[in-house]
Amino acid sequence: MLVLIGGLIAGAMVWIQPLSASMDSDYYYALGRQIVQGRGDEQPFIWNYLADPPGVPMPSFDYWMPLPAFVAALGMGITGVQVLWAARLPFIVLHGVNVALVAYLIHQRTKQTFLAWLGGLSASIPLFYASFISLPESFAPLMTLGTLYFLTVFEGERVWAERLSPGRSIGVGGLCGLLHLARADGLLWLVASFLLVGVSLRQVLSENKHKLTDELRIAVINGAGVGVGYGLVIAPWVLHNLSAFGTFLQPGSGRALWIREYNELFFFPASELTFARWLDQGWLAILRDRLWALGQNLLSAIAVQGQIVLFPLILLGFWKGRDRLETRFGIGMWGGLWLVFSILFPFAGVRGGFFHSGAALQPFLWMLGWWGFWYWIEWGVEKRGWDRKISQRVLGVGLLLILLMASTGIYIRRVSGVSGSPPTWKMTQETYLAVHQKLLELGYDPESSLGAVNNPPTFFVLTGRPSIVIPGGDISQLLAAVCRYRANYIVLERDQENLAWLYAHPTEVEALVYLGTVHGVHLLQLRDAAATCR
């Protein structure tokens, strides 16, 4: 029943918002289409320059991981049509499964069927995640994999050091591999799994130090099973990277460590993003940015992951379950992600990285919240004389209704627009289609011309036109990128904040020719490519 409820809600979201117009989801949809067409190793646009792409098309998945694209390709392959609703079908199914898995996880920990239903229903419209769960994104797969990880690993607190479990260990390694294929930071789950093997061994040995040989052998074999499972899943991805980039991992990821503000994710040329340049900003700026990110991500944890009203109950659930290895592991993983996306990648973290990666832990946090709710009811029964059944039903349904109403309100606001304006996804569609028509009138054929735009994945999905991303620096960076990749035209939008002056004065740069404006978007081209690009 919960699977059906979750699937119907996600399906309704496809009808309410038939397009995405988000760079992330359109990226995965576009690459999913490439996979179905047998061109999965090619990316028909450049959305950042971190990997020093040689041209368009470029090798696929140079920065983001591939799992959501393969999930999207599965939907299009099964239906036989390469449209967005087909790409979204597997994510709709996954959301239905996630609702049931969350309920099962809550029941396994609380043994309360009613609370499990409440928790599952509250996950059916998951507040800030609601507008993303049916799109080709990493959210739904991460929630599925995260829940399965907790259910698989914490079946027994110390099983990895007490008995051989090769099948389970290989399965856990496979889950770690899939988590890594969904998000680059998924590698942390593998590291944490190896640490769990060591913790389990330490717990057993602390009780019986004479069992060192047998327990160490069991722990080593089970740990090796985790590594084997991970290796089997990740091997094709490593081979892709070696073939496409000559490296085990994507070559541009390391450069993201040295950006000094978010727009530098689109810096050109990315070879200038070095440790020395990063260090030149001074330790005060470095410390200030990371303290800012720590605070912003903590607020995100309270509002997004804690859903505001559920956050105190999550804290209560953590406190009551603090002696359990599962609780300590989950909070430790959350802390690890918080630090990674605040210290190492502060700008990407605040702009969505922490939000995305936290999806794998969201079912665990929901479980803690409803577990905390159960402890709150038990406190009321013991200290205030509450009737257990009545208070659980009245307060539980009340909490559920608050969560569902807040989630629905936020979702409607996001997908329907504000202040009478059309929703962003609809305005983007209208704008890009109008730009496409104007480019046709100007003689720019989609098959033989290349553009420079703000959002290459969405531009490609809506128009079929290949493009490069407008760099995040000044006009000199724009001209350098246009020359490097021989872009034929520039699509300059109002929200291109790093080029605000150029948008306000599109006719005043000698190197550029103003071609006109469509839906508030300026079209430009190089005046003399030979002279500018020499």
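Is Cys483 buried or exposed? Cys483 is buried, at a relative accessible area of 10%; buried here stands for under 20% relative accessible area, exposed for over 50% and partly exposed for what lies in between, with a 1.4 Å probe and protein chains only.

Good morning, colleagues. The model before you is predicted: local features need pLDDT of at least 70, side-chain atom pairs count only at pLDDT 80 or more, and totals for chains, interfaces and linings use all residues. Residues are numbered from 1 along each chain as its sequence is written, and side-chain values use heavy atoms, with hydrogens and water left out.

Helices are DSSP runs of H or I with at least four residues, strands are runs of E with at least two, and both are numbered from the N terminus. After H20 comes Arg486, with a positive phi near 55°.

How many disulfides does the structure hold? It holds one, a disulfide being a pair of cysteine sulfur atoms within 2.5 Å. Its partners are Cys483 and Cys533, with 2.0 Å from S to S. Because Cys483 lies in helix H20 and Cys533 in the segment after helix H22 (529-532), the pair ties together parts that are 50 residues apart in sequence. The torsion about the S-S bond is about -75°, so this disulfide is left-handed.

I turn now to a pair of helices. Helix H12 (residues 283-305) and helix H15 (residues 346-357) pack with their axes 9 Å apart, at an angle of about 10°. Axes are lines fitted to C-alpha atoms, for helices over the stretch in contact, and angles run from 0 to 180 degrees between N-to-C directions. H12 and H15 are therefore roughly parallel to each other, the term for angles under 35 degrees. Contact means heavy atoms within 4.5 Å; among the residues that make it are Trp292 and Val304 of H12 and Phe347 and Phe354 of H15.

Next, the record. UniProt, in an unreviewed entry, places the feature "transmembrane region" at several spans, including residues 114-135 and 354-373; such annotations may be inferred rather than shown by experiment. In the model, residues 114-135 are 50% helix and 0% strand, with end C-alpha atoms 30 Å apart. Residues 354-373 are 80% helix and 0% strand, and their end C-alpha atoms lie 26 Å apart.

Finally, Ser165 sits in the loop between helix H7 (159-162) and helix H8 (166-182). Ser165 is buried, with a relative accessible area of 13%.

Definitions and conventions: Parallel < 35°, antiparallel > 145°, perpendicular 65-115°, else oblique.
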